Amino acid sequence: MFFYPMASATSYASKRALKLVSHPLLSRDFFSAIRYNSRHLSAVATVGKAEPLETSSSLSFIFSADSGGAEERDKKKDESIYIKSSKSNFQQESSSSSVTMPMSFMTGSIVGLRFYKQVTTRQADDGNGWTVMLDYRTLKTPSKRPLKLPTPVLAKAIAAEWEYQQTDGIRPFTMPLMKLACTALERVPLTRTKIIEHLMRKFHQDLVFCRSPGDSDLTSGILERQVEKIDPLLNWVESEFGFKPVVYSSFFGGKQVDGLVNAVKHLLKSTDDCELAAIDAMAAAAHSLIISIGIFRGRLQIEEAIELIRLEEDLQVDRWGLVEGGHDVDIADLMVQISSAAVFLGLARIV
């Protein structure tokens, strides 16, 4: 079933998805750099050495949306950034100043004007991970935890997202890697069990287990295309996990054998926080945990995964035509969701 909006209607979400497709980190060249040679990544983000932390006081840079009363927030709808002094002595020196993201960062709204000039990366003070610096300030997550990233290339890619921001506002919807990093650092450690349980509840209705009925004029040709494109993936699943998936001619799918369920669940439990965050994001966009695992294990490339996800809809578009402002936006949004999670996964693994 497709919803066909008026072609002249262009929503905020439409503009957001289409703008993200032009994101420098989501280009085909960038994917090639990740796939073939991690050293090319340094060309994506122009970052220099971190500035020395000279006599920085105990000041923290916080968005106004995080403090103050409701009346004050209403007066500052642009969520501009101001300096808030800590309770300690103003002259007391701390190891570094910091920038804390507001919780609204995860919702996609504009969270404030660009207040920094230079974006750099450096190794964390404790030597565990890499951090992003906005001028001389250390970037922190919405819960005020240091943004410690597992690899220097992931830190450089997130630095590139911050460098990409314009002076008139910081737009989280153009920073998919930053949002995934916050998810991996904050949400996954606290809700790992619930994330895995949710993925396994949806597993039996996985997109690749459902077949279109072959006796309907409306779905003519779809079953043949599914057999051609999806069956090779199911054969890989059988060889990878040792159990043959069960295919159902129903939109609601059906129960898979316990052996396959347990094998997939064991795989999810063995992932680290970054890997599980990426798998969860891709599964949500694809409506398929199998496609997500296929990308995770290197069986599917990004373009192949998107083709499988959109297989039925693309056949309908070929037959009835594409609706501008509808189908094209859906395609752009899917490309962003899958590509950013796949890139995040690859960058988190490169040492």
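Arginine 171 is buried, at a relative accessible area of 16% (buried means under 20%, exposed over 50% and partly exposed in between, with a 1.4 Å probe and protein chains only). Its salt-bridge partner is aspartate 168, with the closest N and O atoms 3.1 Å apart (a salt bridge is a side-chain nitrogen of Lys or Arg within 4 Å of a carboxyl oxygen of Asp or Glu). Aspartate 168 is partly exposed, at 45%. The model is predicted, so local features need pLDDT of at least 70 and side-chain atom pairs count only at pLDDT 80 or more, while totals for chains, interfaces and linings use all residues. Residues are numbered from 1 along each chain as its sequence is written, and side-chain values use heavy atoms, with hydrogens and water left out.

**Salt bridges**

- The count of salt bridges comes to 13.
- Arginine 297 and glutamate 240 form a salt bridge in which the closest N and O atoms are 2.0 Å apart. Arginine 297 lies in the loop between α9 (289-296) and α10, and glutamate 240 lies in helix α6, so the pair ties together parts that are 57 residues apart in sequence. (Helices are DSSP runs of H or I with at least four residues, strands are runs of E with at least two, and both are numbered from the N terminus.)
- Arginine 297 is partly exposed at 39% relative accessibility, and glutamate 240 is partly exposed at 33%.
- Glutamate 275 and arginine 349 meet through their side chains in a salt bridge of 3.8 Å, N to O. Because glutamate 275 lies in helix α8 (residues 273-286) and arginine 349 in helix α12 (residues 327-349), this pair ties together parts that are 74 residues apart in sequence.
- Glutamate 275 counts as buried at 15% relative accessibility, whereas arginine 349 is partly exposed at 39%.
- A network of salt bridges links Arg225, Lys229 and Glu307.

**Aromatic rings**

- A pair of aromatic rings is described by the distance of the centres and the angle of the planes.
- There are three aromatic pairs by the rule used here (rings of Phe, Tyr and Trp, the last by its six-membered ring, pair if their centres lie within 6.5 Å; planes under 30 degrees apart count as stacked, over 60 as edge-to-face and the rest as tilted).
- Phenylalanine 115 and tyrosine 116 make an edge-to-face pair, with 5.3 Å from centre to centre and 85° between the planes. Phenylalanine 115 is partly exposed at 21%, while tyrosine 116 counts as buried at 4% relative accessibility.
- Phenylalanine 203 and phenylalanine 209 also pair edge-to-face, at 5.3 Å centre to centre and 90° between the planes. Both of these residues, phenylalanine 203 and phenylalanine 209, are buried.
- Phe115, Tyr116 and Trp162 are linked by ring pairs into a cluster.
- Arginine 137 lies over the face of tyrosine 136, 4.9 Å from the ring centre (a charge sits over a ring if NZ of Lys or CZ of Arg is within 6 Å of the ring centre and within 35 degrees of the ring normal).

**Helix α10**

- In helix α10 (residues 302-309), the buried residues are Ile302, Ala305, Ile306, Leu308 and Ile309. Seen down the axis of α10, these buried residues fall within an arc of 160°, so they line one face of the helix (the arc is that of the directions from the helix axis to the C-beta atoms).
- An α-helix has 3.6 residues a turn, so residues three or four places apart point the same way.

**Histidine 204**

- Histidine 204 is in the loop between α5 (176-203) and α6 (222-241), and counts as buried at 16% relative accessibility.
- A polar atom of the histidine 204 side chain lies 3.0 Å from the backbone nitrogen of glutamine 256.

**Cysteines**

- A search of the whole structure finds zero disulfides (a disulfide is a pair of cysteine sulfur atoms within 2.5 Å).
- Cysteine 210 is buried at a relative accessible area of 12%, and cysteine 274 counts as buried at 15%.

**Positive phi angles**

- Aspartate 135 has a phi near 60°, a positive value in a residue other than glycine. Aspartate 135 lies in the loop between β5 (130-134) and β6 (137-140) and is buried at 13%.
- Histidine 287 is not a glycine, yet has a positive phi of about 55°. Histidine 287 is placed in the loop between α8 and α9 and is exposed, with a relative accessible area of 62%.

Technical notes
Polar contact = N/O pair within 3.5 Å; in protein donor to acceptor, adjacent residues only side chain to side chain.
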